[in-house]
Amino acid sequence: MRFSLLQPNKKWLLLLAPVLLSISWRKKAPAPDDLQVPVTYYKLPNGLKVVLSPDKTAPTIAVGVYYNIGFRIEPKNRTGFAHLFEHMMFQGSENLGKMEFIQMVQKNGGILNGSTRFDFTNYFEVMPSNKLETALWAEADRMKGLKITQENLTNQQGVVKNEVKVNVLNQPYGGFPWLDMPQYANENWYNAHNFYGDLADLDSAKLEDVDAFFKTYYAPNNAVLVISGDFETAAARKWVAQYFSKIPSSTLPAKPDLTEPKQTAEKRFTKEDKLAKKPAIAVGYKMPERNTPEYYAMGLLDQILLQGQDSRLYQALVQQKGYTGSVSGGINYLGSMFDYNGPMLWMSNLVYDSTVAADSIVSQYDQVINDVTKNITPEDLQLAVVKMRSGLYDAIGGNFGIGKISLLASFALFDDNPARINTLEQEFKKITPEIIRKTAQTYLSPANRTILIIKPTSAS
Amino acid sequence: MKLFQNTILSLFCAAAFLPAFAQKQTPPAGGAAKDFKLSEKKVQPYPNGLKTTLVHYGELPKATISLIIKTGNVHEGENQVWLADLTGELLREGTADMNFAALAKKAALMGGDLNISVGMDQTTINGSVLSEYAPDFIKLISALVMKPAFPASELERLKGNLKRQLITQKSVPQMQAQEKFYQALYKSGAYGRIFPTEEMLNSYTVQQVKDFYEKNFGAKRSVLYVVGKFDDAAVNAAVKSSLSQWKAGADVSYPQAKPAAMPDTILLDRKSAPQTTVLIGLPVLTPKDKDYIPQLVTNSLLGGSFGSRITSNIRENKGYTYSPYSSLTNRKGSSVWFEQADVTSEHTVNALNEIEREISRLQLEAPAKDELSGIQNYEAGVFVLRNSSPAGIINQLNFMDLHGLDDSYLNNYVKNVYKVTPEMVSQITKDYIQYGKMTKVMVGDKDAIQQQITKQKAAPKSF
């Protein structure tokens, strides 16, 4: 009975939960790439983006509100604040006091959660289908305003510090590589700070910070509301207008410059870990810009090189060399390649024995990548597209509708076009072996990567 | 970076719904609930003892396929810990005609991975593939379990992987706590053996793996689940030409495991740890018991959900911890209840006191009707979610199969949840969740904890 390590929160869209089917499928015998997720998209006069995507598979509904504020752009003297603030959204609003939001969802037979990512913070609930109006009312209530006491803030500072301790400070390989690597690989503070937060910064948060953060970022014109599941569109539109349209919009600050300087030489770092017993390595390559041909090519390269037991890195590092029992990774450890909006890494990591030199592992990366620039056939690409499609179905069907909601919300927030969910596969199919070769040569070069090695310092 | 750490389903439920202040608006109640119908299952027994269970679910063009075999760590000998895991690893290496690389590629072309996971009671071989490949994936699984190569050439590498996992897992505080906890409850029984020694792993041979496989794998112990979208006739034909021909193998057989309550405090030193990993619990009623569902409801109300009493107290009120939860863990023929939390070191004993306080409060006084009905609604809602995904459906059906529950468990589940009364919740807590009988494992800074215990003993109880 073994347990996997080193995968905190990784790929939750694709891996975490069982699959709920929430796809509308044409009645005719479906061709495999015939996927059509229903998408109704509109905006309220106050700027709130709304996406409706009904399906009748189960008598449940899922509601997600995604705010266009992630930990990347939190205030500079308040590391970890975006995430601490996420906790405050459960601490009381005009009509629901502390614990009342949570109790209301649960006593109505639902589940809920929230999370903070690079470029958004999300809040969602899955409830029986007859409770859609209840969920919309509650989300609108906390979008209108919060009522937070000092006592509640202090309480959640304690909870969040314990969260950092259990996931990072008291854990072997804590924060490796999902929290560590962006700090080593990136140069721009927005991409390179400790987004879980220094404990001192978490302690220094004040009620006025909560208030200012809410006023700045938690406005309808900085959010998208997505509804998925068993509902009638007309009724949903009516309730959305009724509960959300009177919430005033705000003037949003200009988005800071997130760009990273071009990397010109390989970077290597060693981090000592007094709780770990075995060395570990992570290798991160800077991604091409979103939605470019090279970006889609990287999605396929991820499938070819890293995803699944047939992938070339798995075959080389696990099966042939036996350096490790598994190699894991992907694009965006806190989500997927579709739900971020800024500089990103394609990254992988593994634990190995101290009898193996880190350079031997790096050399396998070099060989595998060198090989992919020479040896890539149309069949290889076809296989990569099949894996991508199967993974997309899992993502779209996953987490009781929340997987689909995350895609729709990201495409609405970042591209103003949630219907992109239905054209993704076409974009991958446009990629030729030539683009793959060029992308691998340009982006998977040693000069574009950062290597982070964990050095165990505990007495064994 | 999530509000709550646990995965969606294992979580939260409602406790007391605080009365809204008069000036506040109350949430709209919503319309009438729609009916939920469980998806129909088709069960087919085969002469060799194999059983298949097919469930059509949803419209997504994928099928989830699991062959679940009733063997696992439970069938290891005393000096064979993780031999079942090694068997799973070596099994995955392929057949004489199809090595690992070929097998992995075949599965990938179907849009899936072939995974083997070994648990205490069961070994699962599964994957989720594009619908049209469901029959081919069944044949792939069949080839593997019916004609495994168990290649000696891979043995040392796989043992190396297990040794690396052993060392890394034993450095994780939550794993250290679990090992101590299950050792205390199950003693030298299989369920008490969580980790092997490195020497044990070194000693395993291909012959031992083959023996384990011969003795424990076979059709009589196996159920094949296919859930999602697929062609019945093609799936049945694939089973007929493959798994239905498998050797019958041994009958299902589990050793009797009778864990005993072991009131004890076990401290494991982790110098200057910022948190103490607390794991406390005891054996409780099994799924076969008529009071199992009342016990589930009691667990949700006490500590098994985010709105539960213990979580409300030590997280949302005191801020001692991020990740507290209580849970029922079922082994074949026995079950344990435990509460686990990673608590700020200086509040270790305070957190234990609060947990004890919540348990005795529930023993002394039945919960309010509103609080209980909130939990019941939550359990009914989660029941729908649990049965609304292919993986969830397989989990549910396998749970019933392993523990010998018939369809009435599922069909009457919601009704039985609503039958639970406040008095039953209090009585269950009194009869089974007794703080004084619990094994209390703490992994943390021993000196800091000892000091708190000493101080606690000197002070009179506050409740």
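Biologist: Let's begin with strand S2 of chain A: how many of its residues are buried?
Modeller: Five of the six residues in S2(A), which spans residues 49-54, are buried, so the strand is mostly covered. Keep in mind that this is a predicted model.

Biologist: Got it. And how do S1(A) and S2(A) run where they are joined?
Modeller: They run antiparallel, with four bridges joining S1(A), residues 40-43, to S2(A). To find your way there, look at Thr40(A), which stands opposite Leu52(A).

Biologist: What do S1(A) and S2(A) form together?
Modeller: A hairpin, with five residues between the strands. In the turn you'll find Gly47(A), which has a positive phi of about 100°.

Biologist: In what sense do S2(A) and S6(A) pair?
Modeller: That pairing is parallel, over six bridges, and S6(A) covers residues 223-229 of chain A. Within it, Val51(A) is opposite Val226(A).

Biologist: New topic. Where does Glu139(A) sit?
Modeller: Glu139(A) belongs to helix H4 of chain A, residues 132-144.

Biologist: Is Glu139(A) buried or exposed, and why?
Modeller: Glu139(A) counts as buried because its relative accessibility is 0%, and the cut-off for buried is under 20%.

Biologist: Which residues does Glu139(A) touch, leaving out those up to four places away in sequence?
Modeller: There are Val63(A), Val65(A), Phe101(A), Tyr123(A), Glu125(A) and Phe244(A).

Biologist: Nice. Now the two chains: how many residues does each bring to the contact?
Modeller: Chain B gives 105 residues and chain A gives 99 residues.

Biologist: And what area is buried between chain B and chain A?
Modeller: About 8700 Å², and carbon and sulfur atoms give 60% of that. The accessible area lost when parts come together is often how the size of an interface is given.

Biologist: How many salt bridges are there across the interface of chain B and chain A?
Modeller: Four of them. One to look up is between Asp353(A) and Arg164(B), where the closest N and O atoms are 3.0 Å apart.

Biologist: Which helix gives the largest share of chain B's side of the contact with chain A?
Modeller: Helix H4 of chain B, residues 155-169, with eight residues.

Biologist: And how do the residues on that side of chain B divide?
Modeller: On the side of chain B that touches chain A, 50 are nonpolar, 33 polar and 22 charged.

Biologist: Last one: how many residue pairs are in polar contact between chain B and chain A?
Modeller: The count is 32 residue pairs, both residues being at pLDDT 80 or more.

Notes: Residues are numbered from 1 along each chain as its sequence is written. Chains are lettered from A and ligands numbered from 1 in the order in which they are written. This is a predicted model: local features need pLDDT of at least 70, side-chain atom pairs count only at pLDDT 80 or more; totals for chains, interfaces and linings use all residues. Side-chain values use heavy atoms; hydrogens and water are left out. Contact means heavy atoms within 4.5 Å. Buried area is the accessible area (1.4 Å probe) that two parts lose on being put together, summed over both. A salt bridge is a side-chain nitrogen of Lys or Arg within 4 Å of a carboxyl oxygen of Asp or Glu. A polar contact is a pair of N or O atoms within 3.5 Å; within protein, one must be able to donate a hydrogen and the other to accept it, and residues adjacent in sequence count only if both atoms are side-chain atoms. Helices (H or I, at least four residues) and strands (E, at least two) are DSSP runs, numbered from the N terminus. Ala, Val, Leu, Ile, Met, Phe, Trp, Tyr, Cys and Pro count as nonpolar, Asp, Glu, Lys and Arg as charged, and the others, Gly among them, as polar. Buried means under 20% relative accessible area, exposed over 50%, partly exposed in between (1.4 Å probe, protein chains only). Two strands pair if DSSP finds at least two bridges between them.
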